[in-house]
Amino acid sequence: KTHFHKWEVKYAYKSPDCYKKLAVTINGDSPGPTIYARQGDTIVVEVNNTLVTENVAIHWHGIRQRGTPWSDGTEGVIQCPIMPGADTFIYRFIVDKAGTYLYHAHYGMQLTAGLYGFIIVSVPDGVSQPFVYNHDKTIILKDWYHASTYEQATGLSSIPFGWVGEPQSLLINGRGRFNCSLVDSALCNATNPECSPYSLSVVAGLTYRLRIGSLASLSALSFEIENHSMTVVEADGNYVEPFETKNLYINSGETYSVLVTANQEATRNYWITTNVVGRKPSTPTGLAIWNYSPVPHDLTPPTDPTTGPLWNDTASQLSQSRALKAHHDYVQTPPNSERLIVLLNTQNLIDGRTRWSLNNRSLTFPATPYLIALKEGFTDAFDQKPPPDSYDREHYDIYSVADNVNATASNAIYRIGFNTTVDIVLQNANTMTKDTSETHPWHMHGHDFWVLGFGDGKSPFNPLNDTKRLNVVDPILKNTVPLYPYGWTALRFRADNPGVWIFHCHIEPHLFLGMGIVFEAGIEKVGELPKSIMGCGETKRLISP
Ligand SMILES: O=C1O[C@H]([C@@H](O)CO)C(O)=C1O
């Protein structure tokens, strides 16, 4: 079955947290419409960019794009962006795996500006899932800023550096609440119905599958439902060996399904809350209501909202990450790997500007998208010398503020043998601030990867032959995984999807500052590129194949 969607991307005034600001919307909405489909279906989205001056590209997050790398929607990597002033681009791809996925802008800072939403893929008819529930609901989490993304992007690329800071609000299904008394401004209206809390109505005794996704710009979040426990059953479109938790940690780019049974005193409502973790919070708790019908859906719960776990309890976040294992009926033990890439994550100055680098390379996109340059043989379009597979592991002190004087901005890419299995070890380090290391959610396009393990400090081993510290028995497949402060994360993937793909930190300002790598695998197996990814408007027709 093919699902057609016609989207107009445009600016609209929105007050998701009572404060009125311009947001990039889809057909006037932020978050955008949820795409529903069944495994094996084709999704066609005709995107019409009516922004006045900004390009757009939309990424289908978690969808592997097998055979359609040109529909991955990443500006600079696989397509010329969709031009403003009503240029149109048609994304067409197959959703080949049931699960909970996301979409969002992948151009500049437009995710922060509000272009984001869900893709829900259900199992084919007659196929069962390894858990049961009565109803299926979606909850999308977002952090929200009042400054425009133009101001943010300008600060990030200026000398001196202007950091975006902590968000003003946390939104649950596009609704939050900023304290209007903090600003002397007619722009903030606490009685605007747009910012009344989202209320999820439940019937006592029934079990709900909540599909929870985060597309935060910066914040790692914890999510909980007062007095109700959650059983985690799915992560990034993969079944999990079920485990129970009071609060769910969720990073930007991750999705989870949890089962929640409405088994508490049903004569009142309860708080649904989300809180910042991983960075010292200054953003108020995000609030929604767990409503037992027929209690009025907007009746404020009689209790104080839960404040979540301690923001810096990394051990508890790590223990949830380690609890995630492939469901026992869906274990795919990864084959041995053939290559190891160790990526040292550092923040450093390049030409006086603050950037993020991997092995001293800070990613910049070339003017010609990689996919087109590689396919058409434009060897001068980007630096042809691949970046290093490792760093000076023997001498580098991850606990010091390092100078990293050799850090450079680079558009070089990794070349990976098609169908080979690769291990990646993400190694965290100190930032340019003393005694500071941050959490980074790493997201891979075009593939899921096995999460082999996490550790503290410097990864002391070569995962190619160390199976003791790693889980090669029942590792979970994911597309986004956290790298914790001063820690390491090891993952393995099979480069079995021909194309050019980006692997990057999902904190949007960090990607903006170069925190990602691009790799190519099997480019010779990519079919003829659609002309619509090249150029703009009718000029696309002039381009010879
Ligand atoms: O990239 C970042 O910059 C700031 C800080 O390191 C300097 O202001 C911060 O917290 C980041 O994550």
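**Strand β32 and its surroundings**

So, let's start in β32, where F519 is the bridge partner of Y414. Before I go on: this is a predicted model, so keep that in mind. Y414 belongs to strand β24, residues 414-416, and β24 runs parallel to β32, with three bridges joining the two. Then there's strand β31, residues 499-505, which is joined to β32 by six bridges and runs antiparallel to it.

How many of the six residues of β32 are buried? Six of the six, so strand β32, residues 516-521, is largely enclosed by the rest of the structure. In a regular strand, side chains alternate between the two faces of the sheet. And here both faces are covered: G516, V518 and E520 are buried on one side, and I517, F519 and A521 are buried on the other.

Okay, next, the open sheet. It has six strands, in the order β10-β9-β12-β17-β14-β15, and the pairing is mixed. At the edges you've got β10, 169-172, and β15, 238-245, each pairing on one side only. On average, neighbouring strands in this sheet are turned by 25 degrees against each other, ignoring direction. If we look at the β10 end, β9, residues 135-144, pairs with β10 in the antiparallel sense over four bridges. W144 stands opposite S169 of β10 there.

Now helix α1, residues 149-156. Which of its residues are buried? T149, Q152 and L156 are. They cover an arc of only 55 degrees around the axis, which puts them on the same side of α1.

Is Y116 buried or exposed? Buried, because it has 27 other C-beta atoms within 10 Å, and the cut-off is 20 or more. Leaving out residues up to four places away in sequence, Y116 touches P31, G32, L102, H104, L111, K142 and L215.

Last stop, the ligand. Around it sit W163, Q347, T431, T433 and E438. That shell divides into one nonpolar, three polar and one charged residue.

Conventions: Residues numbered from 1 in each chain as written. Predicted model: local features only at pLDDT ≥ 70, side-chain atom pairs only at ≥ 80, totals over all residues. Pairing = 2+ DSSP bridges. Axes fitted to C-alpha atoms, helices over the stretch in contact; angles between N-to-C directions. Near = placed C-beta within 6 Å. Nonpolar A, V, L, I, M, F, W, Y, C, P; charged D, E, K, R; others polar. Buried ≥ 20, exposed ≤ 12 C-beta atoms within 10 Å, placed from the backbone. Arc of directions from axis to C-beta. Contact = placed C-beta atoms within 7 Å.
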